[in-house]
Every structure is written in structure tokens, then in C-alpha cells.
Amino acid sequence: MNANLSEQLNQLYELVIRERECARDLRLDELQDVVSAKEALMQELQFTEEIPVTEADRELADKIRFENRRNAYLLWSALNWIRESMSFFGRKSAPDAYNTSGSVVSSTAGGRLLSGRI
């Protein structure tokens, strides 16, 4: 049983490393397959008090936890970068202008520099 646990932990470690490589290289279809395989393997892993866990297995589990957190940070920072980019491109290039009565005046597209008027 312990050999099976070691094999499963090694397989999980390899999947976590492949997950980061797929995310880094933007291989999204393969990334989804790896995530599905990782989830299925996590469902199989059952830690109970009856199964003796060796020190090597504990070290490997700590390594897996560390690498998985690296992947989570990579994906989190990529998501934040995308959000910031979308926010940047969604902002107006020209500030709002107001007429003498205080109503907002719609500005021309592109602003003065892009239209040729200064």
C-alpha cells in the first residue's frame, strides 16, 4: 500500500510540474487535461491513520504543496495582469468635459492630438 502511495505522490508531482509548463506555454487544451488528471488523482489519494507514511513521502508531499502554491500564484498573477490590462483599455483616453450649464459634453473620438487639432 505504501508503494502505491509513493507512486501516486510521484505522479501528482509530475502533474503539478506539467500544469505549470502548460500554463507558461499557453497550451490550454493540455492544461485542462492535466488539471482533470490532477483532480482525479487527488480523489484517489486517501490518507488515513492506517496507512504508514514514510519521511520520504512527507517530503514529497511538502514539495508538491510548494509547487502547487507556485502554480496558484502564477495563475493568480496572470489573472490580475489580464484584469489590469482590460481596465487600462477600458478607460477613457480623454477626461470628461463640461459645458457652461454643467452638463457633460461628449468628446470626439481620439482626442485633439489624434484628430490633428491642437
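Student: What makes the pair of aspartate 57 and serine 6 a polar contact?
Tutor: Their side chains are joined at 2.8 Å in this predicted model. A polar contact is a pair of N or O atoms within 3.5 Å; within protein, one must be able to donate a hydrogen and the other to accept it, and residues adjacent in sequence count only if both atoms are side-chain atoms. The value of 2.8 Å joins aspartate 57 and serine 6 under that rule.

Student: Why is aspartate 57 said to have no salt bridge?
Tutor: A salt bridge needs a side-chain nitrogen of Lys or Arg within 4 Å of a carboxyl oxygen of Asp or Glu. For aspartate 57, the nearest side chain of opposite charge is arginine 58, 8.4 Å away. Lys and Arg count as positive, Asp and Glu as negative; His and the chain ends are not counted. Aspartate 57 is in helix H3, and it is buried.

Student: How do you know that asparagine 71 is buried?
Tutor: Its relative accessible area is 3%. Buried means under 20%, exposed over 50%, and partly exposed in between (1.4 Å probe, protein chains only). So asparagine 71 counts as buried. Asparagine 71 also sits in helix H3. Beyond its neighbours within four places in sequence, asparagine 71 is in contact (heavy atoms within 4.5 Å) with Val16, Glu19 and Arg20.

Student: Which residues does a salt bridge join to glutamate 30, and at what distance?
Tutor: Arginine 18 is one partner, at 3.7 Å, N to O. Glutamate 30 lies in helix H2 and arginine 18 in helix H1, so the pair ties together parts 12 residues apart in sequence. Arginine 27 is another partner of glutamate 30, at 3.0 Å, N to O.

Student: Why is glutamate 30 called partly exposed?
Tutor: Because its relative accessible area is 30%. Arginine 18, at 37%, is partly exposed too, and so is arginine 27, at 32%.

Student: What makes arginine 65 and aspartate 62 a salt bridge?
Tutor: Their closest N and O atoms are 2.8 Å apart. Both lie in helix H3, three residues apart, about one turn of the helix. Elsewhere, salt bridges that share partners join Arg18, Arg24, Asp25, Arg27 and Glu30 into one network. The count comes to eight salt bridges.

Student: What is the largest nonpolar core made of?
Tutor: It has 14 residues. A nonpolar core is a set of buried Ala, Val, Leu, Ile, Met, Phe, Trp, Tyr and Cys residues joined through side-chain atoms within 4.5 Å. Those with the most contacts inside this core are Leu5, Leu9, Leu12, Leu45 and Ile64. Helices H1 (2-25), H2 (28-44) and H3 (55-90) each give two or more residues. H1 gives the most, with seven.

Student: How many helices and strands does the protein chain have?
Tutor: Four helices and two strands. Helices (H or I, at least four residues) and strands (E, at least two) are DSSP runs, numbered from the N terminus.

Student: Which element has the lowest mean pLDDT?
Tutor: Helix H4 (residues 111-115), at 51, while H2 has the highest, at 93. pLDDT is the predictor's confidence in each residue, from 0 to 100. The chain's mean is 83.

Student: What rules lie behind these values?
Tutor: Residues are numbered from 1 along each chain as its sequence is written, and side-chain values use heavy atoms, with hydrogens and water left out. In this predicted model, local features need pLDDT of at least 70, side-chain atom pairs count only at pLDDT 80 or more, and totals for chains, interfaces and linings use all residues.
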